[in-house]
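Subject: Structure for you to look at

Dear colleague,

I am passing on a structure for you to look through, and below it I have written down what was found. Please keep it open beside this message as you read.

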Amino acid sequence: MSQPKQGNYFMLPNEIFNMDLTAEEIALYAFLMRMEDRKTFTCYPAFKTIGEALKMGSKNTVMKYVRLLEEKELIETEHTVVEHHNGSLRNGNLMFRILPIKHAIEAFHRRQLNNFGRNK
């Protein structure tokens, strides 16, 4: 569960620093936490917005780190559809959902155990 916003600050779970995340993955996770609606645990930033805020460059680079956070079960994404004033439907921004950190930690430990078993 996410931490409550404290004034102009927000809190990150300490556990993310023990999950073998890259600096880019931590930065993206922190950005999404900052943007998150604290009641729904969701946010809708565009790839361009994320790339500019984090100096990640291209949309493809942002997409790569989004996929990595999904694989590590820190976030999930869902496509959205926007209805325009003329009734036409178009793809909207992805909806990002921050998953409970406990879930991500359990997934991290499962991956470690699987890797340990392969290295024997």
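In this model, which is predicted, the side chains of Glu73 and Arg110 meet in a salt bridge, with 3.4 Å from N to O. Glu73 sits in the loop between H3 and strand E2 (75–78), while Arg110 belongs to helix H4 (residues 101–118), so the pair ties together parts that are 37 residues apart in sequence. Glu73 counts as partly exposed because its relative accessibility is 24%, and Arg110, at 43%, counts as partly exposed too.

A second pair to find is Glu76 and Arg97, whose side chains form a salt bridge at 2.8 Å, N to O. This pair links distant parts of the chain, since Glu76 is in strand E2 and Arg97 is in strand E5 (residues 95–98), 21 residues apart. Glu76 has a relative accessible area of 33% and is therefore partly exposed, and Arg97 is partly exposed at 27%.

Arg38 also forms a salt bridge, with Glu36, and here the closest N and O atoms are 3.2 Å apart. Arg38 is partly exposed at 23% relative accessibility, whereas Glu36, at 5%, counts as buried. In total, the count comes to 4 salt bridges.

Turning to the helices, the axes of H1 (residues 23–35) and H3 (residues 59–71) come within 10 Å and cross at roughly 85°, which means that H1 is roughly perpendicular to H3. Glu24, Glu25, Leu28 and Tyr29 of H1 make the contact with Tyr65, Val66, Leu68 and Leu69 of H3. Sorted by class, this contact has 6 nonpolar, no polar and 2 charged residues.

Note on methods: Residues are numbered from 1 along each chain as its sequence is written. This is a predicted model: local features need pLDDT of at least 70, side-chain atom pairs count only at pLDDT 80 or more; totals for chains, interfaces and linings use all residues. Side-chain values use heavy atoms; hydrogens and water are left out. Axes are lines fitted to C-alpha atoms, for helices over the stretch in contact, and angles run from 0 to 180 degrees between N-to-C directions. Helices (H or I, at least four residues) and strands (E, at least two) are DSSP runs, numbered from the N terminus. Angles under 35 degrees count as roughly parallel, over 145 as roughly antiparallel, 65 to 115 as roughly perpendicular and the rest as oblique. Contact means heavy atoms within 4.5 Å. Ala, Val, Leu, Ile, Met, Phe, Trp, Tyr, Cys and Pro count as nonpolar, Asp, Glu, Lys and Arg as charged, and the others, Gly among them, as polar. Buried means under 20% relative accessible area, exposed over 50%, partly exposed in between (1.4 Å probe, protein chains only).
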